[in-house]
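The sequence and the structure come next, followed by the description.

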Amino acid sequence: MTEDREKFRLRMLELGAGVCKGRTATSFLEGKEIAQEIGFPLVIRPSFTLGGTGGGFVNTREEFDGALNRGLHASPLHEVLIEQSISGWKEFELELLRDAGGNVIIICSIENFDPMGIHTGDSITVAPAMTLL
């Protein structure tokens, strides 16, 4: 489900999780319309690609056409999720432990040293979070 960007987005909404404003496009024209509605900066997320292939951040209208074409062609379904970008926001995580009974405890808070937009595997983290206000 996570590789089908639209199904994943809808499931997050069903669960009450906040998601960025966005929609799925299956054509170049549809993608252009979505970009006009949302505005820039944007993130393009192709469906069913590994490691973010064909996706990325788009900061300006001038970059958009090429990025949209790459995303649509990278997806075997010719489908991309176009979302507002929150690149640069500060990212915090919680390390949790959950048992079979559904009980949860927070082990620690984790702060990403890098702003959002840096892939999690490439980011430097600090635990516990040092600047959480």
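Phe 40 is partly exposed, because its relative accessible area is 25% and this class lies between buried (under 20%) and exposed (over 50%), with a 1.4 Å probe and protein chains only as cover. Phe 64 counts as buried, at 2% relative accessibility. The model is predicted, so local features need pLDDT of at least 70 and side-chain atom pairs count only at pLDDT 80 or more, while totals for chains, interfaces and linings use all residues. Residues are numbered from 1 along each chain as its sequence is written, and side-chain values use heavy atoms, with hydrogens and water left out.

A search of the whole structure finds 1 aromatic pair. Phe 40 and Phe 64 form this pair, which is edge-to-face, with 5.8 Å from centre to centre and 80° between the planes. Rings of Phe, Tyr and Trp (its six-membered ring) pair if their centres lie within 6.5 Å; planes under 30 degrees apart are stacked, over 60 edge-to-face, and the rest tilted. Phe 40 lies in the loop between helix 2 (28-38) and strand 2 (42-46) and Phe 64 in helix 3 (residues 61-74), so the pair ties together parts that are 24 residues apart in sequence.

The chain has 3 helices and 7 strands. These are DSSP runs numbered from the N terminus: helices are H or I with at least four residues, strands E with at least two. From the N terminus on, the order of elements is α-β-α-β-β-α-β-β-β-β. Along the principal axes, the C-alpha atoms fill a box of roughly 45 × 30 × 25 Å. Of the 133 residues of the chain, 30% count as buried.

An open sheet is formed by 3 strands in the order 5-6-7, with antiparallel pairing. Strand 5 and strand 7 (125-126) are the edge strands, each pairing on one side only. Two strands pair if DSSP finds at least two bridges between them. Strand 5 and strand 6 are joined by 7 bridges, and strand 6 and strand 7 pair over 2 bridges. In the hairpin of strand 5 and strand 6, 5 residues lie between the strands, and Gly 102 takes a positive phi near 90°. Some of the facing residues are set out below.

| Residue | Opposite residue | Strand of the opposite residue |
|---|---|---|
| Glu 111 | Val 126 | strand 7 |

Leu 94, Leu 96, Val 104 and Ile 106 form a nonpolar patch on the surface, with about 390 Å² of accessible area together. Strand 5 (92-98) and strand 6 (104-112) each supply at least two residues of this patch. Val 104, in strand 6, counts as partly exposed because its relative accessibility is 47%. Patches take residues with over 30% relative accessible area and no salt bridge, joining like charges within 9 Å and nonpolar side chains (Val, Leu, Ile, Met, Phe, Trp, Tyr) within 5 Å. A salt bridge is a side-chain nitrogen of Lys or Arg within 4 Å of a carboxyl oxygen of Asp or Glu. Accessible areas come from the Shrake-Rupley method with a 1.4 Å probe; for residues, only the protein chains shown count as cover.

How many disulfides does a search of the whole structure find? The search finds 0 disulfides, a disulfide being a pair of cysteine sulfur atoms within 2.5 Å. Cys 20 counts as buried, at 19% relative accessibility, and Cys 108 as partly exposed, at 23%.
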